[in-house]
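Thanks for coming. I have one model to go through today, and I will keep to what was computed from it.

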Amino acid sequence: MGRRFTLAITGASGSGFGVAALKRLAANAEVEMVTVLFSTTGRRCLAEECHLTEQELAGLSPKIQLQSERDLGAAISSGSHRQDGMAIIPCSAGALGRIASGTSDTLVARAADVCLKERRPLVLCLRETPLNRIHLENMLRAHDAGAVVMPIMPSFYYGPKSLEELFDAFATRVLDQLGIIEDDTRRWKG
Ligand SMILES: Cc1cc2nc3c(=O)[nH]c(=O)nc-3n(C[C@H](O)[C@H](O)[C@H](O)COP(=O)(O)O)c2cc1C
């Protein structure tokens with residue numbers, strides 16, 4: 001049985017990181033399906049920073065299924081639906097706050113809540129700086145509830161030649177956290 005993941009792009013700068021992770025997930029032979037959701041501001045950031053629409057993104061692979069963030073009856077809203085984990089890239093401070101408080105009021109927040117209660121990997125790639133006390137406390141709450149808090153802090157030791165390479169190398173680390181371990185020559189070799 002192939003593996004199924006959810007990838008959400010919320011309203012923070014750095015949607016290119018989300019696009020790179022989505023491409024890598026969709027290209028992986030172990031992966032059967034990637035459910036993709038956008039918050040309203042996430043969609044806007046994708047247009048402004050990547051000049052892409054969600055439909056164009058969905059067209060990249062037949063494995064990608066777009067899901068409306070307003071549909072709280074979607075399959076990923078339920079723990080009974082077979083899922084292997086979720087990544088939110090970029091994760092806004094607002095989305096982090098909703099997840100840390102368990103509001104479950106949007107599909108992003110609900111699907112993340114389901115991952116936590118079902119003990120499935122949930123990777124939160126927060127993008128905000130500087131951080132206030134509320135952000136820091138929310139990160140700790142999410143961590144204590146089982147999430148991997150993985151702020152967008154890319155590595156530079158392999159000498160990235162382009163933004164795309166920076167995004168893609170970060171995607172390797174996100175996939176690691178989802179349990180999809182791929183070869184990557186940019187890994188640190190000591
Ligand atoms: C162009 C744009 C860029 C933004 N960048 C960030 C950001 O980098 N980090 C962040 O936490 N919020 C950022 N925001 C604010 C969030 O989008 C806003 O708080 C929103 O309500 C978050 O909700 P969402 O997670 O449902 O998108 C940005 C908003 C806009 C319009």
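This is a predicted model: local features need pLDDT of at least 70, side-chain atom pairs count only at pLDDT 80 or more; totals for chains, interfaces and linings use all residues.

Residues are numbered from 1 along each chain as its sequence is written.

Helices (H or I, at least four residues) and strands (E, at least two) are DSSP runs, numbered from the N terminus. Two strands pair if DSSP finds at least two bridges between them.

First, the sheet. In what order do the strands of the open sheet come? Six strands form it, in the order β3-β2-β1-β4-β5-β6, and the pairing is parallel. At the edges stand β3 and β6 (148-149), each with a single partner strand, so one side of each has no neighbour in the sheet.

Now the individual pairs. Strand β1 (residues 3-9) and β2 run parallel and are joined by seven bridges. The chain gets from β1 to β2 through helix α1 (residues 15-27), and this β-α-β crossover is right-handed. Right-handed here means that, with the strands pointing away from the viewer, the path from the first strand over the helix to the second runs clockwise. Within this pair, T6 has T35 as its bridge partner, and A8 stands opposite L37.

On its other pairing, β1 meets strand β4 (residues 86-91) in the parallel sense over three bridges. There A8 stands opposite I88, and L7 stands opposite A87. β2 in turn is joined to strand β3 (residues 64-67) by four bridges, again parallel, with V34 opposite I64.

Next, burial. A residue is buried if 20 or more other C-beta atoms lie within 10 Å of its own, exposed if 12 or fewer, and partly exposed in between, with C-beta atoms placed from the backbone. Six of the seven residues of β1 are buried, so this strand is largely enclosed by the rest of the structure. β2 (residues 31-38) is largely enclosed as well, because six of its eight residues are buried.

Helix α1 has 10 of its 13 residues buried, so the rest of the structure largely encloses it. Among the buried ones are F17, V19, L22 and R24. What about its length? The expected span of a helix is 1.5 Å times one less than its number of residues. For the 13 residues of α1 that gives 18 Å, and its end C-alpha atoms are 18 Å apart, which agrees. Helix α6 (residues 133-144) has 12 residues and reaches 16 Å from first C-alpha to last, close to the 16 Å expected. Just after α6, G146 takes a positive phi of about 115°.

On to the ligand. How many residues surround the ligand? There are 16, and the closest are T10, G11, A12, S39 and G94. A residue is near a molecule if its C-beta atom, placed from the backbone, lies within 6 Å of it. Helices α2 (40-50) and α4 (93-101) each supply at least two residues of the shell. The largest share, five residues, comes from α2. By class the shell has four nonpolar, eight polar and four charged residues. For those classes, Ala, Val, Leu, Ile, Met, Phe, Trp, Tyr, Cys and Pro count as nonpolar, Asp, Glu, Lys and Arg as charged, and the others, Gly among them, as polar.

Finally, two single residues. L57 lies in helix α3 (residues 54-58). Is it buried or exposed? L57 has 23 C-beta neighbours inside 10 Å, so it counts as buried. Leaving aside neighbours within four places in sequence, L57 is in contact (C-beta atoms, placed from the backbone, within 7 Å) with V19, L22, V36 and L52.

M33 sits in strand β2. With 19 C-beta neighbours inside 10 Å, M33 counts as partly exposed. The C-alpha atoms of M33 and Q83 are separated by 9.4 Å, and the two residues are 50 apart along the chain.

How values were computed. Two residues are in contact if their C-beta atoms, placed from the backbone, lie within 7 Å.
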